[in-house]
Amino acid sequence: MSKLSPKASPHAVGCLVYSPAFHYLLLGSYCMLDIRLIRENSGLIKAKLAARGKSLDAAIDAVLECDADCRLAKTRLQLLYAERRRLSRQVEKLRRGEGGAPLQAEATANSLGEEINALNSRTTELNLRQKDLLLQLPNLPEEAVPHGTSASANPTLRTWGNPSEKSTTEDHVAIGRRLGLFDFNRAAKISGSGFLCFTGAGARLERSLLNFLLDLHTVQHGYREVNTPLLVHRECMVGTGQLPKFEEDMYAVNGDSSRLFLAPTAEVPVTNLYRDEVLNISHLPLCFVAYTPCFRREAGSAGRDTRGMIRLHQFDKVELVKICEVEDSEQELQSLTVDVEKVLQLLDLPYRVVELCTGDLGFSASHTYDIEVWSPGQGSFLEVSSCSNFRDFQSRRMNLRYKDFNGKSRFAHTLNGSGTALPRLYVALLENHVQSDGSVLLPQSLRGYFRADCIEPVS
């Protein structure tokens, strides 16, 4: 069961128009990146990657140099194989007495064999180096993405609700402690800093939010729920782009090179469900929702948004994943974003939608909308979801294809978005709905799950 295409979807909110000059890039080969695209359009690729805020010209040149060496070695191999076949036929004739002694031809053939073996080893090394170089390159920003070097250049597309700016508003830490919703100290005793233990009504609220989100996305939005393993192979992490670049942020289970990792997001296991497969186009788009705990070391994030539960090493998240045809991915991105916005509307939480500029895009993303919820306690908006179109960047890494109606095999486009991450949703819920008497009044959509209208102070 898959979600109906947004071609007929009532909540598709406009799709972008692409220029003919960029048509080949959009429909041809975003990638890991596609070596043919780099070879034939290196100047354009350098310019597109430079728009991310850092020149990658040297990296592209290294790829091209490796590619040239590899192609030269393969061409030489073809010539050597042809010559060895010719000599083998000659040796057979000489052994049948059709000419002089076969010794010289045999010696030449043996010499060719040694060169072939050496070139095969060299080609293998070059192929591995080329793959490693390509895996280090980020995705190309889509042409319509606004240019900029940092988050300050991200345009706000729309807002919803009326953010409160009261300076006296309690933050979620004070509210949660007063209501007995969670315990940071005992969690730290078990696992260290950056972990959280929900207690009492706090644990029930977490469970209520998860069930609300899953029901919303499956019943109203038409996503198919899946429950995947939390331990994933290295190649799965490579497939969705977490590895090799972000390995220091991941939790590895054991020490060998093919070790398992704790999933940092359900994006990894869910998107990899179809790795190395060729899908039937009639089954597209595939739209999935999954709840998983997520595990991240958050290396290098010390001091950034670390108060309370805003940044944790383990947290719950409901993830939305889409796999679709090449031509439909921008429409699917619009639909995905609207589905996430519905969450915040039903919970009566003010938010804004911003479009990430080229310099703020994630490594694997080609186009991203961030949904940011208002946090009175922080006096700022907090990212609660990133909805991204990866085009065929991930599918090339995991060899995920489909056959179009002409029978041509094409790399699928993949998308995902948090639908949503629980910690910051939890923060916003407490801070926006705390009452003057200290209780938290729950929005109507959540009361049936929580089995009460509000959370009262602990006596």
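Buried means under 20% relative accessible area, exposed over 50%, and partly exposed in between (1.4 Å probe, protein chains only).

I'm working on a predicted model, where local features need pLDDT of at least 70, side-chain atom pairs count only at pLDDT 80 or more, and totals for chains, interfaces and linings use all residues. Numbering runs from 1 along each chain as its sequence is written, and side-chain values use heavy atoms, with hydrogens and water left out.

**Cysteines.** I searched for disulfides (cysteine sulfur pairs within 2.5 Å) and got zero. For Cys287, the nearest one belongs to Cys324, at 8.2 Å. Cys70 is buried at 3% relative accessibility, and Cys287 is buried at 1%.

**Salt bridges.** My criterion was a side-chain nitrogen of Lys or Arg within 4 Å of a carboxyl oxygen of Asp or Glu. The whole structure gave me 17.

I looked at Arg234 first: its salt bridge to Glu247 has an N to O distance of 2.7 Å. Arg234 is in helix H9 (residues 234-240) and Glu247 in the loop between H9 and strand E6 (261-262), so the pair links parts 13 residues apart in sequence. Helices (H or I, at least four residues) and strands (E, at least two) are DSSP runs, numbered from the N terminus. Glu247 is partly exposed at 23%.

Next I checked Asp34, which is buried at 7%. Asp34 pairs with Arg36 at 3.5 Å and with Arg396 at 3.7 Å. Arg396 lies in helix H12 (residues 393-398) and Asp34 in the loop between helix H1 (23-28) and helix H2 (35-40), so this contact ties together parts 362 residues apart in sequence. Arg36 is partly exposed at 46%, while Arg396 is buried at 17%.
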